[in-house]
Amino acid sequence: MAIWIFVQYLICDNMRFSTLLPCLLAIAGPVLAQQGNLNISNPGTAAYESAVVEIPWATVAKAYPQVDTAQLRVVRADNGQEVAYQLEKKGGSAVQNLLVQVTVAPKGSVGLVLSKGKPTPVKPMTYGRYVPERYDDFAWENDRVAFRIYGKALNGRSDNAYGSDIWAKRTPELIINKWYKQNDYHKDNGDGLDYYKVGLTLGAGDVGVFLNDSIQYIHNYTTWEVLDNGPLRTTFRVKYDPYTFKGVTVTQAKTISLDAGAQLSKIRVDVTHTAPGALPMVAGIVLRPEESPLLLDDKNGVLGYWEPKHGPDGTIGVGCVFPGKSGGMMRKYGHGLARLAVKSGEGITYYSGGAWDKAGLITSSDAWFAYLQAQANRLRQPLVVTTSAPRKAGR
């Protein structure tokens with residue numbers, strides 16, 4: 001391409017100078033048309049650090065009609081640095097979103113250039129899988145945190161657990177397969193450990209039905225499906241058998257996704273039920289007997305907990321963030337709870353996760369609560385993606 005442009009330049013150079021510039025623009029036009037431009041701006045006051053940004057594929061195609069999913073490079077417009085990306089399919093065959101990982105300062109913006117070329121492979125930073133070798137666990141992780149939920153094989157066992165589990169992890173490497181294979185993850189061998197106790201509780205931010213002023217647990221999932229599995233976002237869906245509580249039958253499905261660089265998973269809970277009107281529900285965090293900081297900020301939709309120190313294992317912070325206000329927050333039944341309500345056939349979306357102080361990134365209750373508040377701010381003022389129309393020849 002560069003040689004072709006140079007030859008054409010030599011041809012133009014033999015013409016009068018007054019015709020040189022139009023000729024060069026005519027040459028450059030087709031080249032410029034082979035790329036697209038996107039701009040990601042941050043209108044808020046909270047920074048996005050190595051954040052995964054979701055760009056609808058229709059927006060990508062508008063900016064870059066020649067886009068080829070097999071040969072797509074994404075670079076920053078200001079310095080040409082390549083940007084890691086993932087083509088999100090949400091369990092289907094067609095691309096739904098372009099996911100890019102960028103840092104955007106408060107009130108700042110980042111320009112991206114899309115062009116044809118071979119991208120540099122992205123090292124996987126998220127992963128999830130069904131774990132049949134451990135009583136139907138489903139585990140998922142990124143470069144910061146790891147979680148698991150429990151399957152139907154645990155129902156009726158003395159070691160059954162209902163809620164979400166969080167693993168204390170302090171390595172950017174993916175460790176799920178390693179830990180399950182070693183079967184020694186209750187001891188810290190350098191990467192972290194699992195010491196968080198769930199039991200018959202909501203654990204680290206699960207949901208339950210709330211009828212007659214009491215928590216009704218939805219037990220364990222029965223089927224699973226992986227929709228996307230990295231490198232920047234892992235998404236899966238689990239479904240639960242119907243349960244009847246106080247005469248109300250409830251069927252639930254959860255779609256859970258975790259992005260690289262995030263402390264929180266995004267959780268979508270879809271519910272059908274036989275209750276008249278909206279079904280009362282709660283999202284909650286199990287509390288330990290010792291006194292420890294608990295944040296119940298219904299106004300900003302933030303539920304946060306900084307657990308008591310667990311001896312030499314350190315401290316885990318757990319939290320949930322809700323878009324908008326919940327129906328009220330409270331400390332009750334050994335949990336920090338946020339009230340929710342959902343009509344049959346509709347759903348609830350919230351964010352839940354945690355941090356371990358020995359990972360070295362978030363080491364105090366103040367830092368953890370600030371992280372949760374910043375996430376709430378980001379939900380209120382999300383990033384804005386705009387396109388630049390492809391340039392035409394001669395323009």
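This is a predicted model: local features need pLDDT of at least 70, side-chain atom pairs count only at pLDDT 80 or more; totals for chains, interfaces and linings use all residues.
Strand E2 gives the most to the lining of the largest pocket, with seven residues. About 810 Å³ of space lies in the pocket. Its lining has 29 residues. Nearest the centre are Tyr 48, Ala 51, Val 52, Asp 259 and Gln 375. Four elements each supply at least two lining residues: strand E2 (48-56), strand E17 (248-259), strand E18 (264-273) and helix H5 (365-380). By class, the lining divides into 16 nonpolar, six polar and seven charged residues.

How does one find such space? Rolling a probe the size of a water molecule over the atoms shows where empty space is left. The second largest pocket holds about 280 Å³. It is lined by 16 residues. Arg 148, Tyr 150, Asp 159, Ala 161 and Gly 199 lie nearest its centre. Here the lining splits into seven nonpolar, three polar and six charged residues.

Return to strand E2 and follow its pairing. E2 runs antiparallel to E5, and seven bridges join the two. Tyr 48, one of the residues nearest the centre of the largest pocket, stands opposite Val 104 in E5. Strand E5 spans residues 97-104, and seven of its eight residues are buried, so E5 is largely enclosed by the rest of the structure. E5 also pairs with strand E4 (residues 85-88), again antiparallel, over four bridges. In that pairing, Glu 88 has Asn 97 of E5 as its bridge partner.

The largest nonpolar core has 52 residues. Tyr 196, Leu 279, Met 281, Phe 322 and Tyr 350 touch the most other members. Strand E19 (residues 279-286) gives the most to this core, with five residues. Take Leu 279 as a probe of the packing. Which residues does Leu 279 contact, leaving aside neighbours within four places in sequence? They are Val 209, Leu 211, Val 248, Val 250, Val 271, His 273, Leu 340, Ala 341 and Val 342. Another core lies apart from the largest one. It has 24 residues, among them Val 67, Val 74, Val 83 and Leu 112.

Now look at an open sheet. Five strands form it, in the order E7-E8-E9-E10-E11, with antiparallel pairing. Strand E7 (126-131) and strand E11 (192-193) stand at the edges. Each has a single partner strand, so one side of each is left without a neighbour in the sheet. E7 meets strand E8 (residues 137-142) over six bridges, in the antiparallel sense.

The loops hold some backbone details worth checking. Where is the cis peptide bond? It runs from Gly 230 to Pro 231, with omega near 10°. Pro 231 sits in the loop between strand E14 (223-229) and strand E15 (233-239).

Two residues other than glycine have positive phi. His 219 has phi near 65°. It lies in the loop between strand E13 (214-216) and E14. Lys 246 has phi near 50°. Its loop joins strand E16 (243-245) and E17. Is each of these side chains buried or exposed? His 219 is partly exposed, with a relative accessible area of 26%. Lys 246, at 54% relative accessibility, counts as exposed, because exposed means over 50%.

Step back to the whole chain. It has five helices and 26 strands. Buried residues make up 51% of its 395 residues.

Notes: Residues are numbered from 1 along each chain as its sequence is written. Side-chain values use heavy atoms; hydrogens and water are left out. A nonpolar core is a set of buried Ala, Val, Leu, Ile, Met, Phe, Trp, Tyr and Cys residues joined through side-chain atoms within 4.5 Å. Buried means under 20% relative accessible area, exposed over 50%, partly exposed in between (1.4 Å probe, protein chains only). Contact means heavy atoms within 4.5 Å. On a 1 Å grid over the protein atoms alone, a cavity is a set of points where a 1.4 Å probe fits but cannot get out, and a pocket is an open set with protein on both sides within 12 Å along at least five of seven lines; lining residues have an atom within 4 Å of a point. Grid points are joined across faces, edges and corners, and a volume is the space filled by probe spheres set on the points. Ala, Val, Leu, Ile, Met, Phe, Trp, Tyr, Cys and Pro count as nonpolar, Asp, Glu, Lys and Arg as charged, and the others, Gly among them, as polar. Two strands pair if DSSP finds at least two bridges between them.
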